[in-house]
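This report describes selected local features of one structure. The sequence and the model are shown below.

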Amino acid sequence: MGSSPSSSIPLDETANEVFKITEYLFLTICDAAEPWQLGFQDAASPMMQGIMDLHHDIFFFLILILVFVLWILVGALWHFHYKKNPIPQRIVHGTTIEILWTIFPSLILMFIAIPSFALLYAMDEVVVDPAITMKAIGHQWYWTYEYSDYNSSDEESLTFDSYMIPEDDLELGQLRLLEVDNRLVVPANSHLRLLVTSADVLHSWAVPSLGVKCDAVPGRLNQISILVQREGVYYGQCSEICGTNHAFMPIVVEALSLKDYCDWVDSHQF
Ligand SMILES: [Cu+2]
């Protein structure tokens with residue numbers, strides 16, 4: 001294929017295209033759900049890592065039980081087929097087997113319960129002295145974020161609304177139904193406290209790769225601790241049905257280095 005002058009693109013336009021593609025590739029490498037995804041998103045917090053580890057632990061037992069039960073079931077169907085075994089068995093009692101099928105499932109349940117409770121309580125653990133405290137307020141149908149640590153007076157605070165970007169306004173590489181106009185910007189590798197509440201009905205603030213899902217209840221403050229272990233952009237959605245536009249109030253967390261975070265705060269102080 002030769003390039004004729006009529007089909008060649010001007011240089012600045014080519015550069016622009018290359019820039020757009022690079023930007024697209026960069027933007028698509030983020031922590032969001034993928035089409036037809038079956039597994040978890042990559043963990044970005046110790047909490048999510050714990051959830052994934054527990055999931056794998058339980059899956060081990062699940063496969064073991066599944067194979068065993070299938071083996072018994074197929075074996076029973078095979079051996080006790082009416083052609084093979086025309087006279088039905090008259091067994092009504094077997095002490096040994098009854099003791100076995102009580103003790104073994106109890107042991108398995110214990111092996112599942114111990115790591116499960118350990119994780120549950122670890123997730124509930126509150127960091128006593130977090131680096132920053134933020135507030136997420138659910139509205140029909142957007143989120144409001146408040147950084148009250150930087151309040152110098154009642155009138156001045158770092159507060160903003162976070163609305164989904166409508167499909168028509170999306171730029172190349174931005175995620176449909178997931179992108180917002182104002183992201184929740186946080187420092188990476190710092191202990192964060194997030195207070196979650198609602199101004200109207202029940203909402204839920206959830207970001208899968210951070211392992212966080214917290215109900216936003218009107219008249220009540222729920223508290224979660226987050227530690228984002230790497231810089232990046234994390235996508236989540238409202239996870240409690242809250243009305244017509246429930247599907248259109250996504251959550252985007254942007255974790256920056258401490259320096260970039262401080263610059264961001266400086267540039268947003270009113
Ligand atoms: Cu909702």
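Leaving aside its neighbours within four places in sequence, which residues is Trp141 in contact with? They are Cys242, Gly243, Thr244, Asn245, His246, Phe248 and Met249. The model is a predicted one.

Trp141 sits in the loop that joins strand S1 (132–139) and strand S2 (142–147). Its relative accessibility is 24%, so Trp141 counts as partly exposed; the buried class is for values under 20%. From C-alpha to C-alpha, Trp141 and His203 are 9.3 Å apart in space, while 62 residues separate them in sequence.

Two of the residues that Trp141 contacts, Cys242 and His246, also take part in holding the copper ion. The donors are Cys238 (SG), Glu240 (O), Cys242 (SG) and His246 (ND1), at 1.9 to 2.7 Å. Along the sequence these donor residues follow the spacing C-x1-E-x1-C-x3-H. The angles among the four donor atoms run from 88 to 129°, and the site is tetrahedral. For four tetrahedral donors the ideal angle is 109.5 degrees. Cys238 and Cys242 are both buried.

A second residue, Arg183, is located in the loop between strand S3 (158–162) and strand S4 (184–187). Not counting residues up to four places away in sequence, Arg183 touches Phe160, Val233, Tyr235, Val252 and Glu254.

| Side chain | Partner | Distance |
|---|---|---|
| Arg183 | Glu179, side chain | 2.8 Å |
| Arg183 | Glu254, side chain | 3.2 Å |

Methods. Residues are numbered from 1 along each chain as its sequence is written. This is a predicted model: local features need pLDDT of at least 70, side-chain atom pairs count only at pLDDT 80 or more; totals for chains, interfaces and linings use all residues. Side-chain values use heavy atoms; hydrogens and water are left out. Donors are N, O and S atoms within 2.8 Å of the metal (3.2 Å for Na, K and Ca); water is not among the atoms, so sites may look incomplete. Four donors count as tetrahedral if all angles lie between 85 and 135 degrees; four count as square planar and six as octahedral if opposite donors are over 155 degrees apart and all others between 65 and 115; anything else is irregular. Buried means under 20% relative accessible area, exposed over 50%, partly exposed in between (1.4 Å probe, protein chains only). Helices (H or I, at least four residues) and strands (E, at least two) are DSSP runs, numbered from the N terminus. Contact means heavy atoms within 4.5 Å. A polar contact is a pair of N or O atoms within 3.5 Å; within protein, one must be able to donate a hydrogen and the other to accept it, and residues adjacent in sequence count only if both atoms are side-chain atoms.
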